[in-house]
Amino acid sequence: YYTLCLAKWNMLKAVECMDSLCQENPNLFKKLAEQTSWDEKIKSELIHISGMVAFPRVRDNVCEQHRGFFDLPDVTLENGELPKNYSYESSTQMSKQADVVMMHYLFPELFSDEVKKVSYSYYRKRCLNGSSLSPSIYCIMGQRLGMTEKSYEDFRLTALQDINNLHLDKNVSDGIHIGCAAGTWLAAVYGFGGVMLLSSNLNINPSLPEQIKSLQFTINYQSRTLLIKISHSSISIKLTGNRLEIYLYGQKTLLDEGHEYVKNL
């Protein structure tokens with residue numbers, strides 16, 4: 001489904017970008033259209049094809065993990081405990097990793113908030129976290145969806161995965177989980193820091209758990225650098241580069257070069 005979602009997203013984004021360019025810079029649009037043979041026929045074909053792309057089946061607001069998944073015997077984690085004789089390859093609805101939740105993280109604009117929320121809860125009860133990449137994604141999506149009860153627990157699991165040998169298979173002796181280490185940064189910045197690209201706009205919606213008193217990080221966006229400092233009482237953003245418009249807690253916010261923007265929470 002990832003490949004299909006990527007194909008659908010790319011086609012829709014191509015149409016969106018060309019429509020925006022036509023309005024904002026007609027001369028550049030004309031030049032690019034000539035180079036790519038872009039015209040209304042191609043635009044219509046992309047819209048038509050994107051609507052025909054096979055897409056995850058949704059039942060009761062739950063995205064199907066793969067074709068036939070809902071037909072498998074249902075098994076859930078009891079009080080967070082693993083079932084006896086568990087196996088990654090068992091033919092049940094028990095999953096190794098956060099596949100659907102990851103898909104919603106990568107392509108948020110293709111799914112409704114309700115589908116993302118219900119799917120998050122559904123797969124959380126059926127995920128073994130056999131992949132070290134799962135906890136960081138659950139942390140991020142839990143924060144984005146307002147389902148934060150286990151977000152800090154997820155953050156600790158990804159941050160301490162190798163330090164405390166927390167992987168399900170206890171396999172740190174085979175080497176560190178590099179993707180999981182990167183997931184720690186993702187969970188902090190995209191989860192608690194609330195950084196998100198949506199509709200080609202930079203959105204920042206921080207929310208710190210009580211266990212974390214402050215968070216500071218730097219991101220690069222469109223040849224600009226943003227230094228972001230977050231606490232429970234305020235957020236400050238300092239921009240290096242040309243003036244930039246972002247969305248802070250859903251509100252348009254203009255950042256000027258060298259000026260430290262501060263918002264009290």
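Two strands pair if DSSP finds at least two bridges between them. Helices (H or I, at least four residues) and strands (E, at least two) are DSSP runs, numbered from the N terminus. The model is predicted: local features need pLDDT of at least 70, side-chain atom pairs count only at pLDDT 80 or more, and totals for chains, interfaces and linings use all residues. Residues are numbered from 1 along each chain as its sequence is written, and side-chain values use heavy atoms, without hydrogens and water.

**Exercise 1.** Find the strand order of the four-stranded open sheet, then its edges.

*Solution.* The order is β5-β6-β7-β10, with antiparallel pairing. β5 (214-221) and β10 (260-264) each pair on one side only, which makes them the edge strands. Next, take β7 (residues 234-240): five antiparallel bridges link β7 to β10. Within β10, Lys263 is the bridge partner of Ile235.

**Exercise 2.** Trace the pairing around β8 and judge its burial.

*Solution.* Start with β4 (residues 201-204): β4 and β8 run parallel, joined by two bridges. Ile204 stands opposite Leu248 of β8. Then turn to β9 (residues 251-255), which pairs antiparallel with β8 over five bridges. Here Leu248 has Gln251 of β9 as its bridge partner. Two residues separate β8 and β9 in a hairpin, and Tyr249 in the turn has a positive phi of about 50°.

**Exercise 3.** Check the span of helix α5 (residues 113-124).

*Solution.* The expected span is 1.5 Å times one less than the number of residues. For twelve residues this gives 16 Å; the end C-alpha atoms are 16 Å apart, which agrees. Among the buried residues of α5 are Val115 and Tyr120.

Key: Buried < 20%, exposed > 50% of the residue type's maximum accessible area, 1.4 Å probe, protein only.
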